[in-house]
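This briefing covers packing, sheets and backbone geometry. Please look over the sequence and the coordinates before reading on.

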Amino acid sequence: MRGTRRTRLCLAGVLAASTLIATPAARAAERTDGHLTDLVNPFIGSQNEGNTFPGAAVPFGMVQLSPDTGHNTGYDYTQNRVRGFSLVHLSGVGCRIGGDLPVLPTTGEVTRTDYATYAAGFSHTDEEASPGYYRVGLDSGIRAELTATKRTGVQRFTFPATDKANVLLNAAQSLHKAAGSTVEILDDHTVRTEITGHGFCRDTGPYTVYTITRFSRPFTAYGTWDGATVTPGARTGGGGAYVRFDATEDRTVEATTALSYVDARGAAVNLRAEGGRSFDAVRDGAREQWERRLATIRVEGGDPTLRRTFYSSLYRSFLAPNIGSDADGRYTGWDRRVHRAERFTYYQNWSLWDTYRTQAQLLALLAPREARDMALSVVKVDEDGGWLPKWGYGPVETNTMSGDPVTPFLTTAYQMGLLKGFEERAYRALRKNADGVPPAGYPGVGREANAEYIAHGFAPYDKSHPLAKMGDSDYHHGASVTLEYALADAVLAQMARGLGHTDDAARYAARAQSYRTVFDPSTGFFRARDASGAFTGSADPARGIGFHEGTAWQYQWLVPQDLPGMIGLIGGDRAANDRLDSFFAYDRLLADPEKTAREVWVHGGAYDYYNADKYNPMNEPDLIAPYTYLSTGQPWKTTDVVHAALTLFTDGPTGMTGNDDLGTMSAWNVLSSIGLFPIQPGYDTWGLSTPVFDRVDLTLNRRFWPGGRLTVTAPGTSATDRYVQTVHTDGTPHAPTYLTTDALRSTRTLAFTVGPRPSEWGTSPQAAPPVLK
């Protein structure tokens, strides 16, 4: 019964001790004037497996030039030796990838070729980072500085006075598994490499990157190595190269390295297009690009910590996907052939199981031109290679994670108006993906369990099912895969209906109800079924099997297409609210939100996904769960839970909630902070909750958002005054707990009034988000 809300009013306001939101006096003093890049801390998430990187990049750049300390994914704040500064990193991934061409300055004779042995010590007291720039002082007395353009990384090394100032370029070692490499000294300024590797969570097919490095002045000596054998004066080798400079007077050397996934000519094209500028000019240009990106949102209010965590999250949200095409438009497709992007930029690196829930929507809002090209790039993956991707790295499929994440990713683009002129091309690819399985000769698994799902309404759990291809198997996660397929079918049905494919729409809408087939009435939770149809595994929903990186408790809310139907299965609104309260430890949360978030919700490390009956804010399966209260008549609890979860984002190296997964968790922070969240990923529904800032001004691209601006206000929002009293859109009262994309597109002002206690706003059944039929 919704009347139970009143019994909790006496607890309202107990978040006053929380540091999430500043006092009114502090708010008045804190505005986003000056350089927004000064509010970004790239070291956030570089400890405790956040797996971010502090190095230099521009928004969506092909190059992410950053130090590698020996950690699986690059940089670990607890380590104090740099093996090299390499070209390729992904923000927040959980598996080994990238790290191509680690470069390290040294002095003296070159006798060691293993970067683990010649690594240089450093201290965080002599290290700094900001968007587009990184600097560190090495124990060797050398200062290293990094910056970047879209397709090049620029390094500046300042040596102590010596006639043996070296730069080592290690082609054979990287974060991924190297399959082969070559290095060539082209002339007294230039080194070229070709590096083939494979890896990620499991071995992928091989891929090759090509680099060319141009130094600012001529070498005085050079050599190459193969294995541990260094050959002075050699121009070619398989392991790496060193180049030497006389730094007795001129102590500074600059190097620009261009990257290509196509061929050596592509690297040269990129160097000509983006090289030739001084380090300082490139650094200033990178900073200007980040200033423009960050300025798409300006906030008023919030204490310094809140503002730093917010803008740091916004920064990380713009790091990926990454440009995959060269300056001449050529790119390597998933058929391993060279193609040319015509009138769009080709992107790559698709952590879709993660990003379809938050980051895809944020980019569609703030970077729609790039988001359009990203969506077109995914369609091109199908047209070039034969099938849509699941988790793509560069030009290869990794098959990491499960379900069908590409469908809500692309239907989000459709619903946001990013596919105009390409709707049918995208739909054909999605329909093929939804109704079939890639052939045995194709490296991707697609909807691997699709035959059983279509025939019987569920993906069977079969842990013994062999891995026919690299990566994960949908059969190993049958319960959660069924929920993911059903969600994908639901949003695909909406796209089919919008395009006039009525028969398809009806078929997919019917399949979207397949979540019911894995509901076990005897436990009241979703549960895996084996190939015979029998429920299997422990009846304890915290310890059941068949859920990918989560439990039945965490996956029970992943039915955004039909929350009323799911709620009916578990006994109605009252039962659902009781279960939600238990899931979020709501009474404890009210007493101490930050402690509850850190000690009850976070029950282990970044990779502790199982054996839990509580919310896991460190991973993706239940990111939308706090917004379930919008459908159960208790929307104020969404604010309580979201604001508690936001306390997990801090401005130090441990300030991430788990892996960032190419901006997924960062985008969750940004969207939840402004009070606008995509509660039906793949569709057009945005849930509303109390913003944490007094005012948020979003500057939008007029091509996609005709008004060009959206202002969200919540004057007086604070730890004590956090409950929505009323909502107005352009001055008109707004009763629902959500907005559609069309409504958002025509809205100029979204105004919240807040108070110390819950109100009647959003509590009627008519206020709940819609069911997708």
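**Structure briefing**

Arg336 is partly exposed, with a relative accessible area of 44% (buried means under 20%, exposed over 50%, partly exposed in between, with a 1.4 Å probe and protein chains only). This is a predicted model, in which local features need pLDDT of at least 70, side-chain atom pairs count only at pLDDT 80 or more, and totals for chains, interfaces and linings use all residues. Residues are numbered from 1 along each chain as its sequence is written, and side-chain values use heavy atoms, with hydrogens and water left out.

**Backbone geometry**

- Arg336 has a positive phi near 65°, in a residue other than glycine.
- Arg336 sits in the loop between β20 (330-332) and β21 (338-340); helices (H or I, at least four residues) and strands (E, at least two) are DSSP runs, numbered from the N terminus.
- Ala585 also has a positive phi, near 50°, and its place is the loop between α15 and α16.
- Ala585 is buried, at a relative accessible area of 9%.
- Ala320 and Pro321 are joined by a cis peptide bond with omega of about -5°; Pro321 is in the loop between α4 (304-317) and β19 (322-323).

- Leaving out residues up to four places away in sequence, Phe215 touches Val167, Leu169, His189, Val191, Val243, Phe245, Val253, Glu254 and Ala255 (contact means heavy atoms within 4.5 Å).
- In soluble globular proteins, nonpolar side chains tend to be buried together.

**Helix packing**

- Helix α9 (residues 423-435) packs against α11 at an angle of about 145°, with the axes 11 Å apart; axes are lines fitted to C-alpha atoms, for helices over the stretch in contact, and angles run from 0 to 180 degrees between N-to-C directions.
- On the α9 side, Glu423, Ala426, Tyr427, Leu430 and Ala434 meet Asp489, Leu492, Met495 and Ala496 of α11.
- By class, this contact of α9 with α11 has seven nonpolar, no polar and two charged residues (Ala, Val, Leu, Ile, Met, Phe, Trp, Tyr, Cys and Pro count as nonpolar, Asp, Glu, Lys and Arg as charged, and the others, Gly among them, as polar).
- In helix α15 (residues 573-583), the buried residues are Ala576, Asn577, Arg579, Leu580, Asp581 and Phe583.
- Elements covering these residues include β27 (525-526), α13 (552-555), α14 (563-569), α16 (586-591), α17 (593-601) and α18 (635-646).

**Sheets**

- Strand β29 (residues 685-688) is joined to β34 by three bridges, and Gly687 stands opposite Tyr738 in β34.
- Another open sheet of three strands has the order β23-β24-β25, with antiparallel pairing.
- Strand β24 (residues 391-393) pairs with β25 over two bridges, and Tyr393 stands opposite Val396 in β25.

Notes
Pairing = 2+ DSSP bridges.
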